[in-house]
Structure formats: C-alpha cells, structure tokens
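Morning, everyone. I have one model to show, and I'll keep it quick. Please look at the screen.

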Amino acid sequence: MIQELQLRVPPHVAGKEEALKEFLSKTLKVETEEIRDVIVLRRSIDARQKKVFFNLNVSVYIGESFSPAPISLPNFPNVTNAEEVIVVGAGPAGLFACLQLILSGKKPILLERGKDVKNRPFDLKEINVHHRVDEDSNYCFGEGGAGTYSDGKLYTRSKKRGNVRQILEWLVGFGANPDILVEAHPHIGTNKLPKIVRNIREKISECGGEVRFGERVVDLILKGDRITGVETMSGAKIYSKNVILATGHSARDVFELLNKKGIEIELKPLAIGVRVEHKQSLIDSIQYDCEVRDPFLPPSPYNVVKQIDGRGVYSFCMCPGGVVAACATKQEEIVTNGWSSSKRARPSANSGIVVELRPDDFKSFSAFGPLAAMEFQKEIERKAWIAGGRRQTAPAQRLGDFVEGKLSADLPRTSYTPGIVSVALEEVLPSVIFKTLRKGFREFDKSMKGYLTNEAVVHAPETRTSSPVQIPRDPATLQHIRIQGLYPCGEGAGYAGGIISAAMDGIRCASACAVV
C-alpha cells in the first residue's frame, strides 16, 4: 500500500530516516517495520513562527518497497549533417538552446568568447590575486556563463514560461543531485556546476554539434533585414540563416554593436545597490530565532522586500554560507556578486541589497539613447575602481557606519578575496541609491532585528542584477522585431532572470527557430 501525506515536522524528524518512520508509524497507526520506504516528494522550511518546522510531501510505502524510476535524458539524435544554427553564448540559455536544437534535428554551432570550465579558474585567480581582468574570461564570460561560478540557485517564479521540471530533470541527468527535484528552493553550488556544464557541452559535441571557445562575436552579417551569419574576433565568418543571441547581461560590446548597426534595442530599467556580508550565525539566529542553529537545519537564507519613498529595496541573489566575488568584466571597474558551494558551509552570509531604478534616473545619460542605463552602471563601477585604489580592492563600509553616514575607522576581514578599503560609499553611489539604501536598512532591521549591525560589511557596488537593455522580439516568432532569423534570448536580451528562466528561454527560442 502507498499513502501520500502532507506533514509538518520538527527538523530532527525531517533529518533522520528512523525518526521520520517512527513519526509516520504513530500517524498511520502501523508498525514501524511495515514502513519499507519513505520518499520525500517536496520539502520546504517554515520559519515564520518561533519554532521552525519542515513541510514535507511524502509517499509512504507500507508492506512494499519503492522501485525508483531512473532519471534519464532524452534520446538526443546525431545532427552532424543537419542544418546549422548559430548560438552565441554558452550560458544556461545558450546551452539549453543547443540541447533543444539537437532534439529538433538541427546542428548547433555554439560560439563562446571565453574559455572552458577547466581553464576559467586560472583567470578568476588573476582577478582575485593579481587584480587583472581578462575581458573574455572572468566570472561572467566563459563556459556556463555567470551561473557556473554562483550559488546555482534554481528557484524561479517564471513557471508559465516553460517546463521547470524538465530542466531540473535534465540537470539531474547531467549530474546534479536529485534533491533539486524535491527542494522548494533548490540550488546546486559552485563546486558542482562546472562538472554539469562540462557534461552538457560533451553531449552537444557527441551529437555532432560544434562548441568553439575563444570566439567573441564582433559583427552580425546582414542582408537587408535578414541575418545571414556572424563574424568573430579571429576574423572567421560563420554563416546561418538563424542566430540565437544569448550573450548574457554583461555583454556590453554586443549591445553597442547592435546600437551602432541600427538594430533596435531598448533601455531597460534595472536595480543597483551593494553587497552586504554578515556572519552566517547571526542570520541563523535571526531567521530561526535561536542562539545556535539546529544541526538538522541548513544555513538560513533571507529574503526582504521594502518600499522606500515609492521604490522597491530588496535582497538579491542571497548566498548563505558563501563568498563575495569580484565580477568585473573590464580592467577599470569594480563589480561585486556572491556565490556558495553546495554545502553552504562558509562562516559568512552575503546578499545583494538593491534599489529599483526608473527610466527618469538615467536622464543625465540620455545622450546614449537606449544605452543610458548601461552607461549609468559603468560610471558607478568606474568610481568604485578609483575609490578602491585603481585595483580590484572594493570600497566598503561597516553597515552601521553606512547608515549613519560615518567613514569606518577600520573594517573586519571579509570573504572578498581582492580585499576591501574603507570608503564613504556616498562618494561612489548615486544619491538616489545611497539615500534609499540608508532608509532601507533601517526598515530591514525592523523585520530582522539585529540585521543592522556594525559587524556587517557593505561592499560596493552590486550593478549586474540584470541586463540594462532589452532587445525587442516578436512575441509569436521570438525573432527580433525587424531582423529576420535573429533570436534575442535569455538574460542578456531582457527575457530571463536566473539559471532556470534563462534555460527555459533558450529552449523556447530553439523551438521557435527549428520550425522556421
């Protein structure tokens, strides 16, 4: 007999198979020995009350055993001699577009400006240790895109845009932990993502697709209002009647190329702010209302949204047990972000805290037309680089000092490897962002008592929350509104906001292009 139940249980019950079976034995009034297997279908944490509980959806096998059906990948065909489609960018959108193209009988030619996952870490070390930024190989560019060296968060609200379960199952098929099919807020971890990305690339090659690294696209080849191919930095010209443009939110040279060629793009408002690091133990004590975190509870995340003077101020890409990362894509800029490993075991927690911006905020950059928000970003990043000593040293301030408008006399050590320097961040951030954040942190502390502490560190800036442009496309065909055969795709084109939504958009664009 199989029974499905919804349970609300304390952490030690959710975390120990024997304890869960004993709980179910009492609930179902059966002997513990009769419960052969308990399969968790869904798991989430409820920390809204003083006592923390797990919500579980389970299948209980009484008197019979569970026979798992293996998660298997689709039967990807060989497309060596099939019609070719160019895919620009090997992030989640580009990789999943390639997989879908293969399923549709098309041969993907995947062009990635950066390096493969095996060689990317050498260039990350250059940023962190020697303060040298490779414009084509960094946290944002290279195989797997920005998501490869991140927390690998897989939660999305964009569930109507595609089949989330399918993407999760594909990720499991390529090596992700099956727990991502169960957790309400799944993540993979930066230590696990490179292997999964490599496995996807190997499948693309195995099926006859081509993956070319170190191929930065510098021009689009057009014939009237139709794309016919691309040209790369090496001088290679690659031809196809269909090009999926999935370059990510930091491919500023691509946005400039489109604007220069008169290909319509639009300014897209975004959010900009800072990255704040606390001790993970403090966040645990606030979120779980405890002095010491229960060993059966994971390091706690947090999610805060406030309205300040009509603007949203919110946490972004929160990384429990993680690291603040140096994510510049050019030499004379500072950009911060965050990542966590699969176990989220580091002693600090960090999160972007960002302010919602509007088109009016970019008025002083109106001469740049649709690139105004991008130039706004660039000015902040340049100011941060200068304030940091013209190195990757990030300008920083203690959180309490930031709110009080005081220069920090000293700074605690943080996880940001290139180092930090005490700066009054009012000198780096535009007034609207700085003033809104100051009010926002006070409001945060009302919801999370103890959050506003001078032991926390504010790193500046957090600017790459999303693309500063949108590349308009026809909602039915997903092609650019004027250029036939050009499929703006993923986060860089303004149609996604994370690994899952980008992967879904890649699949959608590949499916649309396969029927043309």
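**Helices first, then a hairpin**

H4 runs over residues 120-130. Helices here are DSSP runs of H or I, at least four residues, and strands are runs of E, at least two, numbered from the N terminus.

A word on the source: this is a predicted model, where local features need pLDDT of at least 70, side-chain atom pairs count only at pLDDT 80 or more, and totals for chains, interfaces and linings use all residues. Residues are numbered from 1 along each chain as its sequence is written, and side-chain values use heavy atoms, with hydrogens and water left out.

Which residues of H4 are buried? Arg120, Asp123, Leu124, Ile127 and Asn128; buried is under 20% relative accessible area. They sit on the same side of H4 because they cover an arc of only 140 degrees around the axis, taken from the directions from the helix axis to the C-beta atoms. Strand S15 (322-326) is among what covers them. Then comes His131, with a positive phi near 65 degrees.

Next, helix H2, residues 17-28. Its buried residues include Leu20, Leu24 and Leu28. Lys29 follows H2, with a positive phi near 60 degrees.

Last, the hairpin of S13 and S14. The two strands pair antiparallel over four bridges; pairing takes at least two DSSP bridges. Lys306 stands opposite Val313 in S14. Two residues lie between the strands, and Asp309 has a positive phi near 50 degrees.

Conventions: Buried means under 20% relative accessible area, exposed over 50%, partly exposed in between (1.4 Å probe, protein chains only). Contact means heavy atoms within 4.5 Å. The expected span of a helix is 1.5 Å times one less than its number of residues.
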